[in-house]
Amino acid sequence: MPSHILPVTNPNLHSKQNSYLRIDPTTMLLKQDDPITSTRLVSSPFEDETIISVRPLLSRTPSFADESIGQRQSLAREVDHAAPETFLLTRLSLKLLRYMGVGYRWIMRFLALGCYSLMLFPGFIQVGYYYFFSGRVLRSIVYGDQPRNRLDLYLPKNTDGPKPVVAFVTGGAWIIGYKAWGSLLGQQLSERDIMVACIDYRNYPQGTMSNMVEDASEGISFVCNKIAEYGGDPNRVYLMGQSAGGHIAACALVEQAIKEAGEGGSTNWSVLQIKTYFGLSGGYNLFNLVDYFHSRGLYRSIFLSIMEGEESLRRFSPEVIVQDPNLKKAVSLLPPIVLFHGTADYSIPADSSKSFAETLQSVGVRAESILYEGKTHTDLFLQDPMRGGNDRMFEDLVSIIHSDDREAQAKDEVAPPRRRLVPEFMLQLAHRVSPF
């Protein structure tokens, strides 16, 4: 990471040149033991270490006015963070329209998307407020060196011991994926004492499929190797992906298994560290989806560009890869796999999960598909969680994560129903107009 260069004008020099002070944030220390004097250690190109002591002119105790100013400054920082986030979300939406084209079909879908978003707006406001202002959300933790190598961490309120962790890869048609899409899931799982790490990654055209898999793998590695520092249990790490994120996470998992079996490069995390993989409304055989996506508006030329050409479809089709007889050793390393899908999903048909589960079972992997009658692509991920009360998919997920923790199971049995975020009539309208 490059050092920050700050120009410092030297008043003792009569020349027009400026001297420069090189400050490395990783080596900057602030000594706070002395309430009067703060000592700052910085690195400099002119000397090995420079000690700068700063003594305030007047010493005074904090006042109510100080606290009020501090609160306003904190609010200002949050607003400053929210502004670029909002700009990014708008840019992602416009980018999606750009790559989908602006024909009649997409104009109508864009209008449907606007109506859909309007119906869920009360829920979005509440989730957004939690995301930006909750002290239990650690946003934009850096996990790698590439653009958008960031993740959000949702911390349980109870800190009485290491918590199970879900590494979650969000969806977004490989074009508008963003870590904040997992904020509702992160909030609700953290209320059940489950930590959630929502992994961001490069989207198309900033990156293609291999870049997305690389980023997801790097984020999973961070969770496996660093989560203990945040109170997570490295022995209870679960991997989950939704929609395109489910496909990306599955590709990362299979690719990692191939590496560990000696068929690929070096590894910095192990599939043996993943207790279970959860796929939510994902697609796992691209050969069966190219034409279907084209009929839905994700045109073949764009999709093949994302997937790096027709010759790469096999590489990024986990269902096809696991059937390769030369990869039996790698397949044997895969963790249990559970695939959730709604039967009324028109974005990615439920047969995608059903077929993948059956294929995995045929090659000896513990796998199952759980189908939810009448549920669409967004019902399981948005409308049902915003409805509050008991959510079957959510309860299925939590029960698997807590299957070996009797104390957590006892807490789940008496957990209060989740709060409703959106009135029922608006959820019903959202279900009807959803373009997904």
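How many helices and strands are there in the protein chain?

## The chain overall

The protein chain has 15 helices and 13 strands, taken as DSSP runs (H or I, at least four residues, for helices; E, at least two, for strands) and numbered from the N terminus. This is a predicted model, where local features need pLDDT of at least 70, side-chain atom pairs need 80 or more, and totals for chains, interfaces and linings use all residues. Residues are numbered from 1 along each chain as its sequence is written, and side-chain values use heavy atoms, leaving out hydrogens and water.

Of the 436 residues, 48% are buried, meaning under 20% relative accessible area with a 1.4 Å probe, protein chains only.

## Helix 4 against helix 12

Helix 4 (residues 183–190) packs on helix 12 (residues 379–387) at about 45°, axes 10 Å apart. Those axes are lines fitted to C-alpha atoms over the stretch in contact, with angles from 0 to 180 degrees between N-to-C directions. The two helices are therefore oblique to each other; angles under 35 degrees count as roughly parallel, over 145 as roughly antiparallel, 65 to 115 as roughly perpendicular, and the rest as oblique.

Leu 184, Leu 185 and Gln 188 of helix 4 meet Phe 381, Leu 382, Pro 385 and Met 386 of helix 12, with contact meaning heavy atoms within 4.5 Å.

## Helix 4 against helix 3

Helix 3 (residues 121–133) also packs on helix 4, at about 75° with axes 10 Å apart. That makes helix 3 roughly perpendicular to helix 4. On the helix 3 side, the contact uses Val 127, Tyr 130 and Tyr 131; helix 4 brings Ser 183, Leu 184, Gln 187 and Ser 190.

Methods: Buried means under 20% relative accessible area, exposed over 50%, partly exposed in between (1.4 Å probe, protein chains only).
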